[in-house]
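Reader: I would like to learn how to read a structure feature by feature. Can we take one case at a time?

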Amino acid sequence: MKKSKSRFCVRMLICFGILIVSAVIGICAGTLWISPLELAADLSETGLSPNERIVLYIRLPRVLASVLAGSALAVSGAVIQTVLGNPLAAPNIIGVNSGAGLFTVL
């Protein structure tokens with residue numbers, strides 16, 4: 001029991017690390033690459049530089065929205081699998097895809 005719990009903790013830490021790395025890459029990547037060191041230097045100064053504006057008004061909201069949407073999809077998938085008691089449960093089993101298609105057509 002203790003071994004499986006430690007494996008779970010290690011897996012969660014690895015997943016959290018991957019999330020942090022991908023969020024930093026998402027904040028830095030774009031038409032203009034802003035390195036994390038350059039961003040840290042800009043944040044330590046007073047006033048808003050063009051790089052800070054790009055990050056604060058465009059890239060940070062985009063990354064936060066994608067993290068929230070991904071976590072919401074993960075929770076909804078886990079709920080569907082738990083409710084149906086099927087580890088391979090998919091949205092088309094309960095008609096989510098059909099309902100989405102119907103409202104798309106409407």
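Reader: Is L84 buried, partly exposed or exposed?

Author: This is a predicted model, and every value below is computed from it. L84 is partly exposed, because its relative accessible area is 36%, and the cut-offs are under 20% for buried and over 50% for exposed. L84 lies in helix α3, which covers residues 50–84. Its C-alpha atom is 29 Å from that of L13, a residue 71 places away along the chain.

Reader: A72 lies in helix α3 too. What is its accessibility class?

Author: A72 counts as partly exposed because its relative accessibility is 44%. For a sense of position, take L19: A72 and L19 are 53 residues apart in sequence and 15 Å apart in space, C-alpha to C-alpha.

Reader: Which residues form the largest nonpolar core?

Author: The general idea comes before the case. In soluble globular proteins, nonpolar side chains tend to be buried together. Here the largest nonpolar core has 6 residues: A23, I27, I34, L39, V55 and V63. Two elements, α1 (2–28) and α3, each give two or more residues to this core.

Reader: What does I27 touch?

Author: Leaving out residues up to four places away in sequence, I27 touches L39, V55, R59, L60 and V63. Among these, L39, V55 and V63 belong to the core, as does I27.

Reader: How are α2 and α3 oriented to each other, and how is that described?

Author: Two packed helices are described by the angle between their axes and the distance between the axes. For helix α2 (residues 36–44) and α3, the axes come within 9 Å and cross at roughly 100°. The two helices are therefore roughly perpendicular to each other.

Reader: Which residues make the contact of α2 with α3?

Author: From α2 come E38, L39, D42 and L43, and from α3 come N51, E52 and V55. By type, the contact residues divide into 3 nonpolar, 1 polar and 3 charged.

Reader: E52 is in that list. Is E52 buried or exposed?

Author: E52 counts as buried because its relative accessibility is 3%. This residue of helix α3 touches D42, L43, E45 and G47, again leaving out residues up to four places away in sequence. The C-alpha atoms of E52 and D42 are separated by 6.8 Å, with the two residues 10 apart along the chain.

Reader: How many disulfides are there?

Author: A disulfide is a covalent bond between the sulfur atoms of two cysteines. In a model, the test is whether a pair of cysteine sulfur atoms lies within 2.5 Å. By this rule the count is 0. C15, for example, is in no disulfide, and the nearest cysteine sulfur, that of C9, is 12 Å away.

Reader: What are the accessibility classes of C15 and C28?

Author: C15 is partly exposed because its relative accessible area is 48%. C28 is buried, with a relative accessible area of 3%.

Terms used:
Residues numbered from 1 in each chain as written. Predicted model: local features only at pLDDT ≥ 70, side-chain atom pairs only at ≥ 80, totals over all residues. Heavy atoms only, no water. Helix = DSSP H or I, 4+ residues; strand = E, 2+ residues; numbered from the N terminus. Buried < 20%, exposed > 50% of the residue type's maximum accessible area, 1.4 Å probe, protein only. Core = buried A, V, L, I, M, F, W, Y, C linked by side-chain atoms within 4.5 Å. Contact = heavy atoms within 4.5 Å. Axes fitted to C-alpha atoms, helices over the stretch in contact; angles between N-to-C directions. Parallel < 35°, antiparallel > 145°, perpendicular 65-115°, else oblique. Nonpolar A, V, L, I, M, F, W, Y, C, P; charged D, E, K, R; others polar.
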